[in-house]
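Hi,

Here is the structure I promised to hand over. Please have a look at it, then read my notes below.

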Amino acid sequence: LAVINFFLILFHFLNRLRRSDRLIEESRKETEDILENVNEGLFLLDKDYIIGSQHSKSLTNFFGKEDLAGSNFVELMRPLVAEKTLETLQEFTEILYSPRVNESLITDLNPLNEVEINLSQTSSFEIRYFSFQFSRVYENKEFNSLLVTVKDITEQIRLAKQLKAANEKASKEIDMLMAIIHVDNHMLTDFLNTTEKELNEVN
């Protein structure tokens, strides 16, 4: 009876272990699927600016480098941004690691919402714009790493510049139209008649 009881307990334990392994494998697969397909660059950053062992595939696409796990984030950014931006990055993350600082207040003042990145190509540089968001990762009410989210906002910046240029052009055209409207009626009539005559001659 003791031997049978032992094997029953062992069988029950092995079943639970197999179920636990299956759940762990399913969880790992889900995490991999998320990291493979998410559009943002996601990674954990410790106090020494070391990138964690897991990161999204988009991160390698953004920076054009493989095997970013274990890399120093500051050194990765050094050739891509201005020195002032690099100093801002270090100062901001140091503030985030300070437990006395309210996270919600400091993230609202994030100076890295729009960062110009100079990516090296074969024979030239490609200018892109990235947005960096930082949030604390808590474990047992303490944090020792930051979750960093990177977005490529190059197209958004390009469209914003186009919109600004279009608004400026429209404003100039409105100013010109207003100036024409305020011209003396006789002068405006003479101008339109002359223009019509010259267009007829051209035709």
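Val 3, Phe 6, Phe 7, Leu 10, Phe 13, Leu 14 and Leu 17 make a nonpolar surface patch of about 670 Å². Patch residues have over 30% relative accessible area and no salt bridge; nonpolar side chains are joined within 5 Å, like charges within 9 Å. Areas are Shrake-Rupley with a 1.4 Å probe, and for residues only the protein chains shown count as cover. A salt bridge puts a Lys or Arg side-chain nitrogen within 4 Å of an Asp or Glu carboxyl oxygen. Phe 6 sits in helix α1 (residues 2-37).

This is a predicted model: local features need pLDDT of at least 70, side-chain atom pairs need pLDDT 80 or more, and totals for chains, interfaces and linings use all residues. Numbering runs from 1 along each chain as its sequence is written, and side-chain values use heavy atoms, without hydrogens or water.

Now the sheet. Five strands form an open sheet, antiparallel, in the order β2-β1-β5-β4-β3. Helices (H or I, at least four residues) and strands (E, at least two) are DSSP runs, numbered from the N terminus; pairing takes at least two DSSP bridges.

β1 (residues 41-46) pairs with β5 (residues 142-152) over six bridges, antiparallel. There, Asp 46 stands opposite Ser 145 of β5. β1 also pairs with β2, antiparallel, over two bridges. Leu 45 faces Ile 51 in β2. The two strands form a hairpin with four residues between them, and Tyr 49 in the turn has a positive phi of about 65°.

Best wishes
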